[in-house]
Amino acid sequence: MIAALADAGLPPLQGSQFASTQFDFVPVAMIVGALALYLWGVRRNNALHPRHPWSVGKTTAFIGALFTTAVAIFSFVGVYDGELFWDHMVQHLLLIMVAAPLFAISSPLELAWRSTTGTAHLVVTESLRSPVARVLGHPAVAFVLYAILIPMSHLTTWYNLTLENENLHNAEHLAFLIVGYLFWRQIFGNDPNCYRLHPALQFFYLFLAIPIDTFTGLSLAGAAKELFPAYFATHRNWGPSYVVDLHAGGSIMWVVGDTLMLWPMIPVALRWMHMEERKAVRIDRELDAQAAEEAGAGPSPAQPPRSINSTRTPSGSVQ
């Protein structure tokens, strides 16, 4: 009976199925543990630095990132991600385009550095200064990892393997969060990083990332047949056909992914404009100061003419 139910696959995604959930011990433990550790760090930081309490906005961003991750894994999105490709694409975008930038905004590494003392603080400091941290923190490395992960996880046999192996599937979720965090920390957050991109470079950094999602999405949307045979094992007899499902997932990747990449470009462009305005004001002040200095260093004004009634004393002074 159980085997027959397994062969039948999941029921159609409609009605009460949108309220379906699944909870696995490892991801639940990781999310709860991360929340507890972050809140402990906030409390510890506020005790050590009462004049510089931790930002409420960053704490909210971290909680929002964990909530988004939980929705992507534990809700119907996680239940049906192995049944419907478009559902998996929604899950992927929630993890790498919503949860990951929120993690970057929450600056967990900065919190770890500020909330530790003694040996623990020394370990965190040395870790952040290590060659590995410097390499992973480099914008080019983060961009390359993102450029590799997106097509590899959707256009190669790797994705089919994740459908057949639950451990690989969970590892893929973790990869989305880690690579997404490394990518978005170049734009958001204040985590210790020796590489600080100018807003102009941040803008083009995001602009160059758009074709990655576009290429992947269009490749999936234009496929002539199902690319992942593991879906055939679900024996799904409801919903869109396998190819239509694949095309829908590709369209979501293309349209929604590009849209989510475009939104952060707006505040980045505004920062760029404000920086250029401040630079222009500073240059104007420097030019005005230079002009005033040059005017003050010019020839002294002519001496006033002597009065006609002036007389000379014996000593030669003018009366």
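**Note on a predicted all-helix chain**

1. Tyr159 counts as buried, at 1% relative accessibility. Buried here means under 20% relative accessible area, exposed over 50% and partly exposed in between, with a 1.4 Å probe and protein chains only. The model is predicted: local features need pLDDT of at least 70, side-chain atom pairs count only at pLDDT 80 or more, and totals for chains, interfaces and linings use all residues. Residues are numbered from 1 along each chain as its sequence is written, and side-chain values use heavy atoms, with hydrogens and water left out.

2. Tyr159 has a ring partner in Phe85, and the two ring centres are 5.5 Å apart with the planes at 90°, so the pair is edge-to-face. Rings of Phe, Tyr and Trp (its six-membered ring) pair if their centres lie within 6.5 Å; planes under 30 degrees apart count as stacked, over 60 as edge-to-face and the rest as tilted. Phe85 is also buried, with a relative accessible area of 1%.

3. Which helices hold Phe85 and Tyr159? Phe85 belongs to helix H5 (residues 85-106) and Tyr159 to helix H10 (residues 157-164), so the pair ties together parts that are 74 residues apart in sequence. Helices (H or I, at least four residues) and strands (E, at least two) are DSSP runs, numbered from the N terminus.

4. The protein chain has 14 helices and zero strands. Of its 319 residues, 37% are buried. Its accessible surface is about 18,000 Å², and carbon and sulfur atoms account for 69% of that; the areas come from the Shrake-Rupley method with a 1.4 Å probe, and for residues only the protein chains shown count as cover.

5. Contact means heavy atoms within 4.5 Å. Of the contacts between residues at least 6 apart in sequence, 76% join residues at least 24 apart.

6. The whole structure has 18 aromatic pairs. Ring pairs also link a cluster made of Phe143, Tyr146, Phe183, Trp184, Phe188 and Tyr205.

7. Arg236 lies over the face of Trp238, 5.6 Å from the ring centre. A charge sits over a ring if NZ of Lys or CZ of Arg is within 6 Å of the ring centre and within 35 degrees of the ring normal.

8. Is Glu110 buried or exposed? Glu110, in helix H6 (residues 108-114), counts as buried at 16% relative accessibility. Leaving aside neighbours within four places in sequence, Glu110 is in contact with Trp54, Lys58, Asn190, Asp191 and Pro192.
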